[in-house]
Amino acid sequence: MRRLKIILCGQRSFGAAALDMLAATPHEVAAVYAPEGDKLHRRAALAGYAVNPGGRLASTGMPSADLLVAAHAHDYVSRPARDRLTLGAIGYHPSLLPLHRGRDAAVWAVRMGDRVTGGTVFWLGDTVDGGDILTQDWCLIRPGETASALWRDRLFPMGIRLLREALAEIASGTLTRIPQDHSLATWEPSLTGAPRLHRPELQMIGTLPEGYAVRREMCK
């Protein structure tokens with residue numbers, strides 16, 4: 001089992017929960033990127049981690065690390081930044097990708113009357129929410145359930161669990177990559193008028209370190 005050196009990029013309660021999850025593993029948190037004043041920023045600073053303002057993640061200035069974990073991050077992780085990571089970058093999206101790409105996935109799943117949704121841990125790439133899938137899980141949307149309740153009660157804890165399981169798999173030496181079927185992808189706009197992803201750099205993972213293998217499967 002390899003001890004990974006990890007950069008965490010995120011915000012809000014989910015980012016803070018991801019930091020707590022990482023703190024309970026043998027892995028090292030090399031740096032945290034979060035908006036100043038945000039819950040994750042405050043939690044990381046109090047715990048003594050190296051904290052950087054959100055929107056500043058770029059290939060220049062970032063510490064060396066094996067993996068980046070995006071947890072409710074609205075920063076685009078550029079290819080130059082990903083190329084500096086030994087293994088790459090993963091993130092959690094609260095939908096069954098390739099469905100409901102975009103920021104308000106849970107809201108759109110409820111609005112569109114979906115009966116089933118879920119969460120996906122995927123490899124960050126050049127296409128937003130379009131990278132290969134590492135792991136997924138699903139849940140039913142209950143009649144009358146609100147998007148906030150769906151996120152709070154099931155998609156949030158599902159995401160932390162899936163990230164923990166993904167890290168354990170990566171640390172064991174397996175990099176699962178299941179290509180998304182882009183012909184089935186849907187993209188819904190933000191409902192909050194939030195600005196576009198911050199893109200400090202607009203080039204994927206190079207040679208893998210010794211002892212690692214990529215497992216590729218096709219979506220069923």
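Start at strand 2, residues 28–34, which is mostly covered: six of its seven residues are buried. Buried means under 20% relative accessible area, exposed over 50%, and partly exposed in between, with a 1.4 Å probe and protein chains only. Helices (H or I, at least four residues) and strands (E, at least two) are DSSP runs, numbered from the N terminus.

A word on the source. This is a predicted model: local features need pLDDT of at least 70, side-chain atom pairs count only at pLDDT 80 or more, and totals for chains, interfaces and linings use all residues. Residues are numbered from 1 along each chain as its sequence is written, and side-chain values use heavy atoms, leaving out hydrogens and water.

Now the neighbours. Strand 1, residues 5–10, runs parallel to strand 2, joined by five bridges. Strands pair if DSSP finds at least two bridges between them. Lys5 has Glu28 in strand 2 as its bridge partner. Right-handed means that, with the strands pointing away from the viewer, the path from the first strand over the helix to the second runs clockwise.

Strand 3, residues 51–53, also pairs with strand 2, parallel, over three bridges. Tyr33 has Asn52 in strand 3 as its bridge partner. The crossover from strand 2 through helix 2, residues 39–46, to strand 3 is right-handed.

Last stop: Asp104, in the loop between strand 5 (85–93) and helix 4 (105–111). Is Asp104 buried or exposed? Buried, because its relative accessible area is 15%.
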